[in-house]
Amino acid sequence: MSSGELLHIQPQELQFPFELRKQISCSLQLSNKTDNYVAFKVKTTNPKKYCVRPNTGVVMPRSTCDVIVTMQAQKEAPPDMQCKDKFLLQSVVASPGATTKDITPEMFNKESGHDVEECKLRVVYVAPPQPPSPVREGSDEDSSPRASVSENGHSSAAEFTGASKAFNERGEHQDASFEARALISKVTEERNSIVEQNRRLQQELELLRRDAGRSRGGVPFIYVVLVGIIGLILGFLLKRT
């Protein structure tokens, strides 16, 4: 932590976990340990590369303020991962009740007789955090998954073969059940169709009988024979289903 008379700054260097083509941010915490309103301003040697929010502001007495510094995505890595960029944080006592709107560039001009406190911060590139390696549940702490596979190779192969066989048997059973349901459905549809045809034939026979009752000559013998034959066929088919 950099301990100035006005502001305490933490950390003293800006650490960016460098990754190509990725925007990266880090933060500064400014702590005002005095009873005065303190105005601050952040400058950098490479303003096109970094975005500082807020780059100016006022820290109230006995309070803190966080400053976010964002580095734009970089297309190339610097040689040896060394960065020459630097930041300068200036602070000065402001009038009581001052806000960001009251800050002017003249306040940070030493030549005008203002007591400006300055702190230089350097930029450091660090390696990005590595994701934790996956750990198989139920494995012992002093044995790796690779070793377990090597030592129990035969057992693992047998378990895999058994599981594959059970899966295939279950698939065959499901296929047989599906075929049985399809056959039952087909037979049911055929039976319903035959019943419907029988009902229609009975209606037609009833109509013929009525017509025969009204007519003088009666129903021709050939029609009666045909209806009887059709009735026998339908009865035979219903018994088979």
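Rings of Phe, Tyr and Trp (for Trp, its six-membered ring) pair if their centres lie within 6.5 Å, and planes under 30 degrees apart count as stacked, over 60 as edge-to-face and the rest as tilted. With this rule, Phe 16, Tyr 50 and Phe 87 form one aromatic cluster. The model is predicted, with local features needing pLDDT of at least 70 and side-chain atom pairs counting only at pLDDT 80 or more, while totals for chains, interfaces and linings use all residues. Residues are numbered from 1 along each chain as its sequence is written, and side-chain values use heavy atoms, with hydrogens and water left out.

Searching the whole structure gives three aromatic pairs. In one of them, Phe 18 and Tyr 125 are tilted, with 4.9 Å from centre to centre and 40 degrees between the planes. Phe 18 sits in the loop between β3 and β4 (24-32), whereas Tyr 125 belongs to strand β10 (residues 117-126), 107 residues apart. Tyr 50 and Phe 87 make an edge-to-face pair, at 5.0 Å centre to centre and 75 degrees between the planes. Because Tyr 50 lies in strand β6 (residues 50-53) and Phe 87 in strand β9, this pair ties together parts that are 37 residues apart in sequence.

Strands here are DSSP runs (E, at least two residues), numbered from the N terminus, and two strands pair if DSSP finds at least two bridges between them. Five strands form an open sheet with mixed pairing, in the order β3-β10-β9-β5-β7. Since β3 (13-17) and β7 (56-59) stand at the edges, each with a single partner strand, one side of each is left without a neighbour in the sheet.

Technical notes
Helix = DSSP H or I, 4+ residues; strand = E, 2+ residues; numbered from the N terminus.
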